Amino acid sequence: LTDVTVNQLWKYWPHNVWKSKTLNWLDDSLIDGKVEQGFVFVYGDLVPQLFKTGAAQFISRAYVRDATNKFRPEWPAVENLDAIALFTHDAVHVEVEKGMTNGVRIGSSQVDIDSLGDGLLSVELTSSAKDDQVLDYLNHSPLSQNIKLSDTITLTGRQNIDLNFDIPLKDNKPHTFNPKGIIGFNNGTFATEHFKLDQINGPVKLSGHDLILKNLPAALETSPVTLNGTIVTKSDQGVKIDVGIDGKLDAKYLLGKIDKELPIQGESNWQIHIKSKQDDLLMEAVSDLAGVSIELPAPLKKNTEENQLLTIKCTIPCDQSTVEINYADKITSTIRVAAGEYQLLQLNFINPEFTPDSNNPFGGYIDELDLDQWLELVAANHSKSKTNTDGVAELPFTDIALSINSLMFMSRKFEDVDLQISRKTDSFEVTVNSPT
């Protein structure tokens with residue numbers, strides 16, 4: 001056969017052997033294109049019983065060019081398809097040379113139906129896509145039922161995709177979609193409205209509904225990081241994310257997230273863990289701050305070489321949730337963002353030998369405090385601070401009580417001090433009690 005359109009191949013099917021559902025499926029799926037060359041080999045009488053004994057044979061081979069195929073009504077059509085299709089009385093095997101489906105380029109691939117009676121389509125797919133083409137394809141296919149996609153997710157860069165999966169051709173036959181393979185990212189970017197990763201380079205393993213990340217290189221605000229973990233795209237709880245991000249981050253990046261200028265410089269190793277919990281996405285970020293200096297008065301002062309463990313917890317987006325901070329198990333605080341303003345809900349200074357007073361959100365124990373330097377810092381920043389109608393800078397508390405081992409106040413050093421700061425009408429009252 002030469003120069004035959006694919007929608008005319010029905011003339012050569014073994015109608016006495018194939019069931020009407022198979023014939024209808026072929027008629028519906030072969031939409032357009034040309035058979036440049038084809039062969040049909042028939043041996044014996046085409047009746048089902050003879051095929052079982054080997055007394056009959058049917059083999060058809062078609063070299064298809066620029067075809068359009070839609071193997072299931074709910075899946076996007078494959079266009080510009082060049083392939084070699086082999087039909088027997090009970091099987092279909094297709095060697096795909098190239099094609100295109102919803103913007104995704106298909107390379108050398110294999111499609112097999114080992115038994116028309118079983119009606120299971122097996123695919124070994126090699127393809128490539130650019131930017132959001134994969135997301136667009138998923139949204140236009142039944143895979144959107146398996147993978148919960150947000151409209152705010154965007155991808156850039158190129159992705160190379162190698163997948164194996166089976167698709168049932170019979171509506172009444174239950175089958176679990178279980179794709180396996182590799183999605184390779186080349187200089188990619190993954191972004192949502194609250195989070196962005198650049199320079200993603202490397203493979204992501206797909207196993208069923210699990211996306212598995214192992215030492216995947218990326219960049220967070222130009223800082224190199226690695227990704228490890230799992231994204232479960234379908235479960236009883238919906239999408240489940242459990243991913244770790246490890247790398248060095250500059251203090252400027254973190255200060256930029258809170259839009260504050262503070263005397264904190266340098267970079268340190270961070271371990272950021274993002275995990276889903278029901279409908280929320282929780283984040284825990286931990287760093288020993290080695291390499292970071294904090295030029296603030298004691299007890300926050302820190303030199304570059306010191307290790308002081310800092311832990312930050314929040315619900316993403318952090319700038320719309322409550323943020324919990326623990327600094328070296330010495331200071332704990334809770335911050336909430338409301339109307340663009342940071343509200344300090346809790347600030348406790350911890351003595352490891354005593355349990356903090358849960359009824360008092362402000363106060364605690366400090367080993368060393370230079371109150372003179374802190375008051376000088378407050379005065380220097382007074383013009384930048386929020387003030388009330390009396391012109392007095394607002395603090396996030398009305399009263400705070402502290403027990404201090406060593407206090408520098410009015411150029412004098414006090415030992416074993418009880419310090420209380422109280423908000424008055426037009427001032428703050430500082431009370432210092434010490435046996436010194």
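This is a predicted model: local features need pLDDT of at least 70, side-chain atom pairs count only at pLDDT 80 or more; totals for chains, interfaces and linings use all residues.

## Helix α1 and its packing

Helix α1 spans residues 20–29, and within this helix Thr 22, Leu 23, Trp 25, Leu 26 and Ser 29 are buried. Viewed down the axis of α1, these buried residues fall within an arc of 160°, so they line one face of the helix. On the other side of α1, Ser 20, Lys 21 and Asp 28 are exposed.

The partners of the buried residues of α1 are strands, namely β2 (30–43), β3 (57–69), β4 (78–88) and β7 (109–113), against which these residues pack.

Strand β23, residues 399–409, pairs with strand β24, residues 412–423, in the antiparallel sense over 10 bridges, and Asp 399 has Ser 422 of β24 as its bridge partner. The hairpin of β23 and β24 has 2 residues between the strands, and in this hairpin Met 410 takes a positive phi near 55°.

Strand β24 also pairs with strand β25, residues 428–433, in the antiparallel sense, here over 6 bridges, with Leu 419 standing opposite Val 432 in β25. These two strands, β24 and β25, form a hairpin with 4 residues between them.

## The disulfide

The count of disulfides comes to 1. This disulfide is formed by Cys 314 and Cys 318, whose sulfur atoms lie 1.7 Å apart, and the pair counts as a disulfide because the cut-off is 2.5 Å.

Cys 314 is buried, with a relative accessible area of 5%, whereas Cys 318 is partly exposed, with a relative accessible area of 26%.

Terms used:
Residues are numbered from 1 along each chain as its sequence is written. Side-chain values use heavy atoms; hydrogens and water are left out. Buried means under 20% relative accessible area, exposed over 50%, partly exposed in between (1.4 Å probe, protein chains only). The arc is that of the directions from the helix axis to the C-beta atoms. Contact means heavy atoms within 4.5 Å. Two strands pair if DSSP finds at least two bridges between them.
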